[in-house]
Amino acid sequence: MRIDGRRVEGLEPADRGIAMVFQSYALYPHMSVEQNLGFGLKMNGAPKERIAAGVAEAARILQLGPLLKRKPAQLSGGQRQRVAIGRAIVREPKVFLFDEPLSNLDAELRVQMRVEIAKLHQQLGNTMIYVTHDQTEAMTLADKIVVLRAGRVEQVGRPLDLYENPDNAFVAGFIGSPRMNFFDATVEGDGAARAVRVGDWAPFAPPPAPGRAPALGPAKLGVRPEHFMPAAAGDVRFPAKVEVVERLGGTAYVHARAADGAAVVVERRDGETAKPGDTVEVGFALKDARLFDAEGRRAA
């Protein structure tokens, strides 16, 4: 294993150029913020001048100056996490490891800390490996996402590449909130010609393929909520009965059910939202649909 071109497997942990930021902060409650920030360097035998300079720089970057004499119990959750990040910064590592650092924070603080971590990465330029179950954090913070499931890498790529061109149904359903809609489908055809049938919808040609014709048999058709169009628009249209409408200001999510019982979530930004019990017609363009085979692999 090499970090910044240097082999590290034979080095002591403190000499590998790695700093960890934990989910639970892991601050020493009896120490002040200043002492917590400098503790790692002190244990490594760094001179006092080096410790003082490192603490001052971390405090400047994370705006911790007014808090240096406080104990962790006197800090908010966001302030504690900033101290934990500052403790990592003081060590001047080549690589930061973040282990779900925002999961203990409330919703507003998570948003604030996402912005702060993004700014920190721009300022320091160090490699940051960030583990999270929150796809919003992954999409907003990452330059590259590695999607893992049961120890297996499902896909690697830039956030928008994974969002727009998922390799399989798991990635398609994981990336995006609300998640992609999936419909049970069947691929029919003769020879090279293929058609997709979903419930009682009229059969249609598969969406543009990434290089091979989809195999005949069971499949899943995926459409994201924002890709549904108003009535009378789209290559494929079908009726759905509205069950719940979530209004979030400028955006509304219409939760409906197709005639075959399939659940569907439709995003609306035009201010026109139906009421529960209404039957609406929605449609989508074939270019926005994604087809997956029975094993969940991308087929088109």
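Because the model is predicted, local features need pLDDT of at least 70 and side-chain atom pairs count only at pLDDT 80 or more, while totals for chains, interfaces and linings use all residues. Residues are numbered from 1 along each chain as its sequence is written, and side-chain values use heavy atoms, with hydrogens and water left out.

Let's begin with the helices. Helices here are DSSP runs of H or I with at least four residues, strands are runs of E with at least two, and both are numbered from the N terminus. In helix α1, which spans residues 33–43, the buried residues are V33, N36, L37, G38 and L41. Buried means under 20% relative accessible area, exposed means over 50%, and partly exposed lies in between, using a 1.4 Å probe and protein chains only. The buried residues of α1 pack against α2 and α3. Just after α1, G45 has a positive phi of about 80°.

Helix α2 (residues 48–62) packs against helix α3 (residues 77–90) at an angle of about 135°, and their axes are 9 Å apart. The axes are lines fitted to C-alpha atoms, for helices over the stretch in contact, and the angles run from 0 to 180 degrees between N-to-C directions. The angle makes α2 oblique to α3; angles under 35 degrees count as roughly parallel, over 145 as roughly antiparallel, 65 to 115 as roughly perpendicular, and the rest as oblique. The crossing of α2 and α3 is right-handed, a label used when the near helix is turned clockwise from the far one by less than a right angle, with anticlockwise giving left-handed.

Which residues of α2 and α3 meet? From α2 come R50, G54, V55, A58, I61 and L62, and from α3 come R82, I85, G86, I89 and V90. Contact means heavy atoms within 4.5 Å. The residues of this contact divide into seven nonpolar, two polar and two charged. In this scheme Ala, Val, Leu, Ile, Met, Phe, Trp, Tyr, Cys and Pro count as nonpolar, Asp, Glu, Lys and Arg as charged, and the others, Gly among them, as polar.

Helix α3 also packs against helix α4 (residues 107–124), at an angle of about 20° and with the axes 10 Å apart. The helices α3 and α4 are therefore roughly parallel to each other, and their crossing is right-handed. On the α3 side, the contact uses G77, G78, Q81, R82, I85 and I89, while α4 brings L109, M113, E116, I117, L120 and L124. By class, this contact of α3 with α4 has seven nonpolar, three polar and two charged residues.

Now for the charged side chains. A salt bridge is a side-chain nitrogen of Lys or Arg within 4 Å of a carboxyl oxygen of Asp or Glu, and by this rule the count comes to 17 salt bridges. One of them joins E154 to R152, with the closest N and O atoms 3.2 Å apart. Are these two residues buried or exposed? E154 is buried, at a relative accessible area of 10%, whereas R152 counts as exposed at 52%. R149, R152 and E154 are linked in a network of salt bridges.

Another salt bridge pairs R257 with E243, whose closest N and O atoms are 3.0 Å apart. R257 lies in strand β13 (residues 251–258) and E243 in strand β12 (residues 236–248), so the pair ties together parts that are 14 residues apart in sequence. R257 is partly exposed at 34% relative accessibility, and E243 is partly exposed at 40%. D278 and K275 also meet in a salt bridge, at 3.7 Å from N to O. Here D278 is partly exposed at 26%, and K275 is exposed at 53%.

Finally, have a look at the loops. Q63, in the loop between α2 and α3, has a positive phi of about 55° although it is not a glycine. Q63 is exposed, at 63% relative accessibility. E92 sits in the loop between α3 and β4 (95–99), and its phi is near 50°, a positive value in a residue other than glycine. E92 counts as exposed at 60%. In the loop between α7 (169–174) and β8 (181–190) you will find P178, and the peptide bond from S177 to P178 is cis, with omega near -5°.
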